[in-house]
Amino acid sequence: MIIPLHGLLADWRGRFRHQAVLTALAAGTDPDPQELATALLATYHGPAAPAEVYRRLLDAGEFQVAGGMLTDCPELRDGAVDFRQALSRARAAADEAVRLKVGELLRRAEDADIAPPPGLAAAGLRERARLRTAPVAAQLAQYEEILARDIETAVGALRESAGTDEREPAQTAFVNDLLAAGQLRVARAVLEREPPGALLPEAVPQLPPWRTSFDPEVVRQVLVDPSAPRVAEYQRWEPADASARALLDAYDDLMSEEGCTRQAVGTFTSALGRFLGRGDQHAPVTARPDGTGFMTSFDGLFAEDPLRHLHETGRVDLFVAAPNSPGLPGDLAGLNQCVAVGHGLEPSGYLGGQPGAVLSTRDLLRLLPVTEHRPTAMLRLLARQWPLTVLAGRTPKDLDRLLGSGETRWQRLRWIVDLAGLGDAVAVDEMESATGFDTGLLHTMLHRAAPGQPRTALLPSGRFASWEDDTDLVRAMEEHLAGRCPDQVALVTLWAALYVADSDGRVGMDDVRAAAAMAATSEKDTAAAVAAGAAALAADGLLRPDGEDDLRLLPRAKVLGMLAHHAEDRLTHAVARLPAAAAAEPPGTRSLLLARLTDWHLNRHRLAPAFAAYQSLNSADSTDGNELLSTARRMLAQTEAGDRLAPDGTSLLDQVLRELVVELSAAHAQVEVDIRCPVDARAALSADALRVVFYEILENAAESVSAAGGGTVQVSVQIDEPDLVIDILDSGEGLLGQFQDRPTLVFRKGQTTKGPDRGHGLHQVRSILADVAEGPAEITVGPAGDAHPTLRGAHVHLDLPQPSRGVGR
């Protein structure tokens, strides 16, 4: 006969004193009689009190059983509030433990660049853990085992790949360290992006640490005095060769009581150049008027190939402090890169903490034994004391130029991060992941990493220090993105795109329009606004076309995913500000602005990224007026800010000039233009760039001629290999006011005699010509003088490069 144990135990009043019985009942099956007997015998000396059983259930993670006991057991009703709070705390702790474990496994999978086990990221694991932890723990252990096996397979494949490359031992060791740490994604990036033979940070060993118990001055005296007793502990700082010995001797002379002389400074500078591999160089030495020391310079600090791009000339200013100097002069802050030496000078230890980077006696001694990569080893000591602008530039455009293009971006960022003390390839990988290598976001992240603090951004685990938890950094990147939106419409579109974007960055324009309409608080044509905003964001690079009516977020940056969490709230606020922005506009402004953009005056904006969008809207059969106006404003703002496309390309100068003359004649009826240009004169600028350049010059000339009651502008072009030599003369009033004595002032932004909102044209021209890839392209402005018997106004002279005769021209 089978005894229905489950039914008997379910009605047994003593079940609340036996944990095994309650657990078996919760499973919904009859307990094994033998196991039940064993459990009951274990309580031979007296069953546990219900409160004790309840606590054991919480410790065992049997929360569902504990919850049922709290409901059914009469003995627990007196302390029900405390028991229920204990259950809530235990469930929360279990939930958090599962969240952390899942996060750890997902990070390991991400670092290894492999797919996590299916189901790992499911929220159901946390829900199940709030009922019973044991099955969830077993499932997580299984996931961890699968992940470890997949990582081991991937590591083996990468080790095999790394073994076939001819790489420096230091780089191979670094890759192996990354593999051992599970950083497979970074290891793969190093192998793929850093070719064998390239100088990488790992190939330049860190300098040996200095023992704080050693006095640098004592060590220096021992090393320079051959008769001094040799101290075994000081042997590691013995000069490696004759150039290192000469540098030590020159430094010792400089630091002597009477040694800081012009000659001693020159000797030290020459010795430093030889030590860095630059040979004998004699830079001028100048005594400072305030008596604090001498100023000179040296070469070689940026001599090695990967670092030359960080410094255009390679020459670094050097301040040599006089004995008893009070410290570093404040005017050193005006020098972009400056090194200081002097008795008693010490680095501050903080990036940008003082105007010059100090090469102390201690650090000079640490350099003496180095035999390879001396410039880079020395630069590591100094660069961390300079402001980060020295390495990463002041603007995103500066950083973009420093990083270059293609795979050089990764390699150069590696060196910037290394020299700034921000970490190694793991930190670079985190920064790329956070920013998608968008230069603006990357510039924000670099400069916000730890301003004014020691560069200790790597956690012991090797990950870049919790940037995701740095609310100030995330806010700074959000503000940067908002600042790239030229108007409120573009900001609305950005937040709508972030709100609807899928995990792969795809954005459906229908979804964007719907999201913006949903957030609108009043009747509003959001479709037109969104179209204009999308065009602005595409011109900036934050969005790009992806199909007929879809877009894709650029870059694929983690920070965009983080910002998407509060995109709905930001979108609502941004849309709410649209009506106020429209209402604040003075009557007639819209029509007046568009009326100014005639065919002639539009030439000023041809290099603005939004110009093509404006032209397309302006020439369409039916265009929404708000969208056209928004695009026009964005185009004008880009021109004003100097945000323009590259002038690269080639074009026939005669054709461009004659097209411009037709448009100029419609705007200035009293002006006659005389074009004298060879039909085959081809310039190494795009047609749009030429139109901008000659618009600004001819507009100035036409205004001057019109003010004089009419007259002539003459454009003469000669081919003088390898350039086109161009002279523009007019019969106007010529240079006026301060420009007569200082004609170069016409190129300064805002310098004009023509009233407010002027003085930008020739500044833009010079800036465009400076960007010509096949330069030099030059412009000068002056009075016409005797260049022509009747055209006695202004004389503009241009030298424009012709296209090279290489392949493809």
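## Sheet and helix packing in a predicted model

In this predicted model, strand S10 is joined to strand S12 (residues 711-720) by 6 bridges, and the two strands run parallel. Within this pairing, Ile675 has Val715 of S12 as its bridge partner. Both strands belong to an open sheet of 5 strands with mixed pairing, arranged in the order S10-S12-S13-S15-S14. At its edges lie strand S10 (671-676) and strand S14 (778-783), each of which pairs on one side only. From one strand to the next, the twist averages 15 degrees. Helix H33 (residues 761-770) packs on the sheet, where it touches S14 and strand S15 (794-801), and its direction makes about 150 degrees with that of S14.

Helix H32 (residues 687-707) spans 29 Å from its first C-alpha to its last over 21 residues, which is close to the 30 Å expected at 1.5 Å a residue. Because 15 of the 21 residues of H32 are buried, this helix is largely enclosed by the rest of the structure. Gly709, which follows H32, has a positive phi near 90 degrees.

A helix pair is found elsewhere in the chain numbering: the axes of helix H20 (residues 439-448) and helix H21 (residues 471-483) come within 10 Å and cross at roughly 145 degrees, and the crossing is right-handed. The residues that make the contact are set out below.

| Helix | Residues in the contact |
|---|---|
| H20 | Gly440, Leu441, Thr444, Met445, Arg448 |
| H21 | Asp472, Leu473, Ala476, Met477, His480, Leu481 |

By class, the residues of this contact of H20 with H21 divide into 6 nonpolar, 3 polar and 2 charged.

Key: Residues numbered from 1 in each chain as written. Predicted model: local features only at pLDDT ≥ 70, side-chain atom pairs only at ≥ 80, totals over all residues. Heavy atoms only, no water. Pairing = 2+ DSSP bridges. Helix = DSSP H or I, 4+ residues; strand = E, 2+ residues; numbered from the N terminus. Axes fitted to C-alpha atoms, helices over the stretch in contact; angles between N-to-C directions. Contact = heavy atoms within 4.5 Å. Expected span 1.5 Å × (residues − 1). Buried < 20%, exposed > 50% of the residue type's maximum accessible area, 1.4 Å probe, protein only. Left-handed = near helix turned anticlockwise from the far one by under 90°. Nonpolar A, V, L, I, M, F, W, Y, C, P; charged D, E, K, R; others polar.
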